[in-house]
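Subject: Structure handover

Hello,

Here is the structure we discussed, with notes on its domains and salt bridges below. Please keep it open while you read.

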Amino acid sequence: MITLYGMPSTASMAPHILLREIGLPFDLKLLSREKAEHKSDDYRRLNPNGRVPTLVDGDLVLFEAAAICLHLADSYPAAGLAPALGTAERAHFYKWLVYLTNTVQADMLVYFYPERHAEGEAAQATVRSMAEERLFGQFVLLDRELGGNLWFLGERYSAVDPYLFMLARWTRFMTKPARTLPNLGPYLARVLARPAVQAVFAAEGLSDPYY
Ligand SMILES: N[C@@H](CCC(=O)N[C@@H](CS)C(=O)NCC(=O)O)C(=O)O
C-alpha cells in the first residue's frame, strides 16, 4: 500500500491529486504543522529535510513533490499523465515540470519563509515583495504559454496540471493572484472541477477560496 505524507494545501497536493487521478488505493497521512510532526525524528527518518511530501511505496521512500509526480506518472502509464518517452512532447513535459518546481516553487518558498532569507521585519518584507513580483512575472509567462489550450500541454491532462494548479492556489492571497490572468483564470476552474481535485479538497478539509 502506498502512503503519502503531507500537510493540507502544501507541496503534497500535486502528488495527492495524481494518486486520485490514477485511482490507486493509498493511505494519506496528514501531519500537524502546529505539532511540528514534520520535524519529528520518526518523520525525518523518511525525509531528512523535515518537509512534505514524502511517498512510501513498499521499500521505496521518495521525497521532492516533482519526483513523486514523475514516479507516479511513470509507474501507471495507463493513466496517461505524461507524454510518450523520447518524444518532443515528453521533453516539454519535463521542461515545464522542472520550471514549476525549480523556479516557481523555489520563489514560493522565499515568499512563504522570508525569515530564512533576511533578518528583521523590513528586510523580510522586501524579500517577500520581490519574490511576489518575480512570481507574478512567472505566472504571466505560464499564462502566455497556456494560451487557449484546454490543459497546460494541450488536449491531454498531464502531471503538469495539478502541479501548476497547486502553485497557482498559493497565490490566492497575493496582490495579483494567478486567477486574475486571462487564460489561467478559466483553466484553474477547469482543473478544480475534476473529481480527483474535488476529492483532494474534501480530504484535506479545504474550503473557498480554492485558488
Ligand atoms: N522541494 C520540496 C519542497 C518541500 C517543502 O518545502 N514543503 C513545505 C510545504 S509546501 C514544507 O514542508 N515546509 C515546512 C518547512 O519547511 O519547515 C518539494 O517539492 O517536495
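A salt bridge here is a side-chain nitrogen of Lys or Arg within 4 Å of a carboxyl oxygen of Asp or Glu. This is a predicted model, in which local features need pLDDT of at least 70 and side-chain atom pairs count only at pLDDT 80 or more, while totals for chains, interfaces and linings use all residues. Residues are numbered from 1 along each chain as its sequence is written, and side-chain values use heavy atoms, with hydrogens and water left out.

Domains

The protein splits into domain 1 (2-79) and domain 2 (88-194); such bounds come from an automatic or database domain assignment. Their centres, taken over C-alpha atoms, are 20 Å apart. Domain 1 gives 15 residues to the contact and domain 2 gives 18, where contact means heavy atoms within 4.5 Å.

About 1,400 Å² is buried between domain 1 and domain 2, with 62% of it on carbon and sulfur atoms. Buried area is the accessible area (1.4 Å probe) that two parts lose on being put together, summed over both. On the domain 1 side, Ser9, Glu21 and Leu70 lose the most area to domain 2, together 27% of what that side buries.

Two salt bridges run between domain 1 and domain 2. Helices are DSSP runs (H or I, at least four residues), numbered from the N terminus. Arg90 is buried at 6% relative accessible area, whereas Asp74 is partly exposed at 45%. The cut-offs are under 20% for buried, over 50% for exposed and partly exposed in between (1.4 Å probe, protein chains only).

Other salt bridges

The structure holds six salt bridges. Among them is Glu133 with Lys176, at 3.4 Å between the closest N and O atoms. Glu133 sits in helix H5 (residues 121-146) and Lys176 in the loop between helix H6 (160-169) and helix H7 (184-193), so the pair links parts 43 residues apart in sequence. Glu133 is partly exposed at 49%, and Lys176 is partly exposed at 35%.

Lys29 and Asp27 also form a salt bridge, 3.0 Å from N to O. Lys29 is partly exposed at 35% relative accessibility, and Asp27 is partly exposed at 30%.

Regards

Methods
Helix = DSSP H or I, 4+ residues; strand = E, 2+ residues; numbered from the N terminus.
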